[in-house]
Amino acid sequence: MSCNGPCRSIVLLYLSIALLFLVLADDEVPSSRSRRDFAVAGYLPEWRYLHGGTDWDAICEHLTHLIIFSIEVASNGSLAAMDRFPPEAEMARAKNAAAKWGTELLICFGGNSRTNGFPEMVASEQTRRVFLENLVRGN
């Protein structure tokens, strides 16, 4: 199976994002945690936090990076399925715990059959711009 055109672009984009995470993982961590020579990343699906009661301190205490799953991207650059993202109060608790333990919070876009709009979105400069504007505004 060959991967050309848009498929190749998507693969290169994902590899670039993975490389960026590796580079960022080498940054100094806050003094609340001793310096580590490696990253310890955790992946948190929405079924773990949507109903509340998540012990963010227990999660963040042991991680350098926490990846929150996931926001979908529509082909027009809009953000979709935001009902799966942590509610505001839950996200505030996650941010507080992450700050306390020096954990970086990351957001996953797509994955597990939630990537349908991504290839079309990245194929157009206009829809990439809309996507970035939506990220900045939090739409």
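A salt bridge is taken here as a side-chain nitrogen of Lys or Arg within 4 Å of a carboxyl oxygen of Asp or Glu, and in this predicted model the count by that rule comes to three. In one of these, the side chains of Arg93 and Glu90 meet with an N to O distance of 2.5 Å. Arg93 and Glu90 are three residues apart in helix α3 and are therefore separated by about one helical turn. Arg93 is partly exposed, at 42% relative accessible area, whereas Glu90 counts as buried, at 3%.

A salt bridge is also formed between Glu125 and Arg129, whose closest N and O atoms are 2.9 Å apart; these residues are four positions apart in helix α5, and so about one helical turn separates them. Arg129 is partly exposed, with a relative accessibility of 43%. The side chains of Lys100 and Asp57 likewise meet in a salt bridge, at 3.7 Å from N to O. Because Lys100 lies in helix α3 (residues 88-101) and Asp57 in helix α2 (residues 56-60), this pair ties together parts that are 43 residues apart in sequence. Lys100 is partly exposed at 48% relative accessible area, as is Asp57 at 31%.

Helix α5, which spans residues 125-137, also contains Leu135, a partly exposed residue with a relative accessible area of 34%. Together with Leu132 and Val136, Leu135 forms a nonpolar surface patch of about 300 Å² of accessible area.

Ala41 lies in strand β1 (residues 41-44) and counts as exposed, at 53% relative accessibility. Leaving aside residues up to four places away in sequence, Ala41 touches Leu63, Thr64, His65 and Ile67.

Definitions and conventions
Residues are numbered from 1 along each chain as its sequence is written. This is a predicted model: local features need pLDDT of at least 70, side-chain atom pairs count only at pLDDT 80 or more; totals for chains, interfaces and linings use all residues. Side-chain values use heavy atoms; hydrogens and water are left out. Helices (H or I, at least four residues) and strands (E, at least two) are DSSP runs, numbered from the N terminus. Buried means under 20% relative accessible area, exposed over 50%, partly exposed in between (1.4 Å probe, protein chains only). Contact means heavy atoms within 4.5 Å. Patches are made of residues with over 30% relative accessible area and no salt bridge: like charges are joined within 9 Å, nonpolar side chains (Val, Leu, Ile, Met, Phe, Trp, Tyr) within 5 Å. Accessible areas come from the Shrake-Rupley method with a 1.4 Å probe; for residues, only the protein chains shown count as cover.
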